[in-house]
Amino acid sequence: MRLTRTLALAATAAAALCMGTVIPAAAAAPAPGNGDAPSYQEFAASTYRDVDGSYIVNGDEVIATQGDLRAFYEQLVGPDTHTDGLIVNTVNGADDKWSASQVGNLTYCVSTKFGTRHADVVSAMASGAALWESASSKIDFVHVSSADGNCTTRNKSVLFSVEPVQTSQYIARAFFPSSPDRQQNVLIDDSIWTSGSWTPTNIIGHELGHVLGFRHEHTRPESGTCFEDSNWRPLTPYDSSSIMHYPQCNGSSDDLSMTSADRAGVVALYGN
Ligand SMILES: [Zn+2]
């Protein structure tokens with residue numbers, strides 16, 4: 001019974017966070033050397049476009065332009081250079097991470113457009129951030145509440161904005177340190193409040209993992225499914241229970257909670 005219930009919960013959550021139009025983009029990634037790769041045009045046509053015209057890949061990661069999408073596609077279909085929980089995104093082989101000073105001052109606003117949910121989002125952001133902050137003293141997410149009334153990517157008084165979105169494509173999505181300024185926001189759909197075993201704290205913790213540079217753990221070959229690409233560097237041994245591992249991708253945890261390997265991984269990247 002427990003197993004059945006667990007799977008049902010995971011499946012329910014999966015339907016919301018890991019949406020069909022996004023996952024096929026990853027699922028379409030061929031094995032290295034496979035001649036059946038989709039053309040770029042096919043790939044672009046099958047990739048979900050967000051409310052602001054940007055592309056959403058790998059479930060909840062944003063790409064702004066067609067040029068960037070093509071670069072992503074070319075990386076996706078390129079040769080697999082890795083043979084091997086936590087992995088950091090890489091750009092041209094370099095870790096995609098914040099400077100020591102910036103990671104200690106990751107300022108954000110929470111849009112008042114969340115309305116009656118504003119206080120709930122403020123609270124969930126604080127508790128989601130605390131998951132990482134408690135693992136590494138180098139990390140500090142700082143809520144600048146004075147910017148909440150003008151909380152967009154154009155507000156230069158904060159590093160990133162947290163804004164509401166209405167979509168059936170995902171629960172929330174985030175960005176990487178290398179993302180251009182105009183993409184540096186966390187978008188949250190109202191379904192975050194009704195996502196079963198995935199609490200708002202853990203969902204936001206997952207998204208802030210991307211903000212810190214971490215990739216989906218399930219792109220590692222050990223998961224056996226949900227491959228995305230090979231532009232990452234391992235920080236820890238594979239962790240099927242990682243907060244960055246979708247449960248529905250052969251994960252071993254159904255609640256997106258943080259693990260000791262996650263804590264070790266963030267320390268490995270940013271320090272104790
Ligand atoms: Zn994600």
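Visitor: Take helix H8. Which strand and which helices do the buried residues of H8 pack against?

Guide: First, a caution: this is a predicted model. The buried residues of H8 pack against strand S3 (87–91), helix H5 (100–103) and helix H6 (118–133).

Start with the helix itself. H8 covers residues 260–270. Its buried residues are Ala261, Asp262, Gly265, Val266, Leu269 and Tyr270. Seen down the axis of H8, these residues fall within an arc of 150°, so they line one face of the helix. The spacing makes sense: an α-helix has 3.6 residues a turn, so residues three or four places apart point the same way. Gly271 follows H8, and its phi is positive, near 105°.

Now turn to the partners. S3 belongs to an open sheet of three strands, in the order S4-S3-S10, with antiparallel pairing. Strand S4 (94–95) and strand S10 (232–234) stand at the edges. Each has a single partner strand, so one side of each is left without a neighbour in the sheet. In general, strands of a sheet pair through backbone hydrogen bonds, either parallel or antiparallel. S3 and S10 pair in the antiparallel sense, over three bridges. At Ile87, the bridge partner in S10 is Pro234.

The largest nonpolar core has 57 residues. H6 gives the largest share of this core, six residues. Tyr108, Val162 and Ala172 have the most contacts inside the core. Take Val162. Leaving aside neighbours within four places in sequence, its contacts include Tyr108, Cys109, Val110 and Ser111.

Step back to the whole protein. Its secondary structure comes to eight helices and 10 strands. Of its 272 residues, 45% are buried.

How far can you trust the picture? The protein averages a pLDDT of 84, and 79% of the residues score at least 70. Two stretches call for care. Over residues 1–35, pLDDT stays under 50, and the model has 59 contacts beyond four places in sequence for them. Over residues 79–84, pLDDT also stays under 50, with seven such contacts. Where pLDDT is low, the predicted coordinates should not be read in detail.

Key:
Residues numbered from 1 in each chain as written. Predicted model: local features only at pLDDT ≥ 70, side-chain atom pairs only at ≥ 80, totals over all residues. Buried ≥ 20, exposed ≤ 12 C-beta atoms within 10 Å, placed from the backbone. Helix = DSSP H or I, 4+ residues; strand = E, 2+ residues; numbered from the N terminus. Arc of directions from axis to C-beta. Contact = placed C-beta atoms within 7 Å. pLDDT = per-residue confidence, 0-100. Pairing = 2+ DSSP bridges. Core = buried A, V, L, I, M, F, W, Y, C linked by C-beta atoms within 7 Å.
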